[in-house]
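Please consider the sequence together with the three-dimensional structure shown here.

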Amino acid sequence: MKNIPNIKNVAKIAQVSISTVSRVINQSVNVSDELKERVYKAIEETNYSVNPIASNLKSAKRNQIGIVIPSLRQTYFTDIIKGASDYCYQRQVTPIILESSGDMQKEERIIENLEKQWVDGIILIPSKNETVPGYLEFIRSLNFLSKQNRRIPVVLAECIGTNYCLDCVRVDYEDAFYKMTCHLLENGSRQIAYLSSPKDSPFFDISWAACLRALNSYGFMDQEDVLEDAGYTILEGYQAMRRILQKKENIDGVVCANDQVAAGALHACRESESDAARKIGIVGFGGVAISIITSPSITTMIVPRYHIGYESARRLFQRISGDNRKPEEVVLPSHMASRASTFQTECKKLDFMFDE
């Protein structure tokens, strides 16, 4: 017989009291993680649904969080959103997905509106870095969002967050871009260009510095003239690669800010009349699907995007529940997937590459 979706059955299945179920639903800090997991599993098993009107009359909670991203056109963010949304779904909280379009003023308005809507917390993927005038102040102001004298916590994702006094979940960019550049050098490339994200983007400085460190470790001097702003999209990557080919005929390797940029660069090389251009090694970043289906497939740094979203949401829920410990920066590892774009000849089946 199917379980009746009420709080009594949830308590029975989780083997806890009804009051404990209530405290978990209301995200009380006075419940252990082990009990929370049992209650959440029981809620999912019984399809129990909290009455949002009755619940909200008793507290300031709205069972909604905001997820703010720079662009819906960047496929890199899809799995981050998926990871955060799955964590929210398990806890009957609704995520609101909003796009800042890389516009600082729009980003500020979105945060202001979310505060007015009384969301319980916010996951923000910043669009700028702290060198942009006023941006550091904006990020630090997120520490003071509140509703009914209750703080609205914010967790940052995909940025360098050590100076922001907020929790931050990101990948190790320095390690990733160092290894991407070394991979090209180890495969024989000697004239390497970097098709970068915009210079005001969150991880521009650290990724470019990592590329230069790799070049210097192989005995090459700084190569400022092979740095090209490629944005984030396929078209921007294509146009940036064409500019590089016009000013540097001897380029034999390219590090790209993401896989979409790499796909655009690959197309520019393939349509070139130069045989040398068609042999340029290309490395992307992210591990999104487009890196697999291009011809040749693109060597890329696989990033745990789903885990970034899931961990960001987990951290946010801890803060919503009243955790006041010192903010932490969680730095996740990435790993290289070597493919044909850097002259790897090994044949791999499509289903295997999706699991890399």
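The model is a predicted one, in which local features need pLDDT of at least 70 and side-chain atom pairs count only at pLDDT 80 or more, while totals for chains, interfaces and linings use all residues. Residues are numbered from 1 along each chain as its sequence is written, and side-chain values use heavy atoms, with hydrogens and water left out. Helices (H or I, at least four residues) and strands (E, at least two) are DSSP runs numbered from the N terminus.

The account begins with helix H1 (residues 7-14) and helix H3 (residues 33-46), whose axes come within 8 Å and cross at roughly 125 degrees. This angle makes H1 oblique to H3. Axes here are lines fitted to C-alpha atoms, for helices over the stretch in contact, and angles run from 0 to 180 degrees between N-to-C directions. Angles under 35 degrees count as roughly parallel, over 145 as roughly antiparallel, 65 to 115 as roughly perpendicular, and the rest as oblique. The crossing of H1 past H3 is right-handed; a crossing has this hand if the near helix is turned clockwise from the far one by less than a right angle, and is left-handed if the turn is anticlockwise. H1 contributes Val-10, Ile-13 and Ala-14 to the contact, and H3 contributes Arg-38, Val-39, Ala-42, Ile-43, Glu-45 and Thr-46, where contact means heavy atoms within 4.5 Å. Of these residues, six are nonpolar, one is polar and two are charged. Ala, Val, Leu, Ile, Met, Phe, Trp, Tyr, Cys and Pro count as nonpolar, Asp, Glu, Lys and Arg as charged, and the others, Gly among them, as polar.

Gln-15 is placed in the loop between H1 and helix H2 (18-25). Its phi is near 60 degrees, a positive value in a residue other than glycine. Gln-15 counts as exposed because its relative accessibility is 65%; buried means under 20% relative accessible area, exposed over 50%, and partly exposed in between (1.4 Å probe, protein chains only). Gln-15 and Arg-38 are 23 residues apart in sequence, and their C-alpha atoms are 8.1 Å apart in space.

The residues in contact include Ile-80 and Tyr-87 of H5, and Tyr-310 and Phe-317 of H14. The residues of this contact divide into nine nonpolar, three polar and five charged. In the loop between H5 and strand S2 (94-99) lies Gln-92, a residue other than glycine with a positive phi near 55 degrees.

Helix H8 (residues 173-186) has 14 residues and spans 20 Å from its first C-alpha to its last, close to the 20 Å expected, the expected span being 1.5 Å times one less than the number of residues. Its buried residues include Tyr-173, Phe-177 and Met-180. After H8 comes Gly-188, with a positive phi near 105 degrees. Gly-188 belongs to the loop between H8 and strand S8 (192-196).

Finally, the peptide bond from Ser-295 to Pro-296 is cis, with omega near 0 degrees. Pro-296 lies in the loop between helix H13 (290-293) and strand S12 (299-302).
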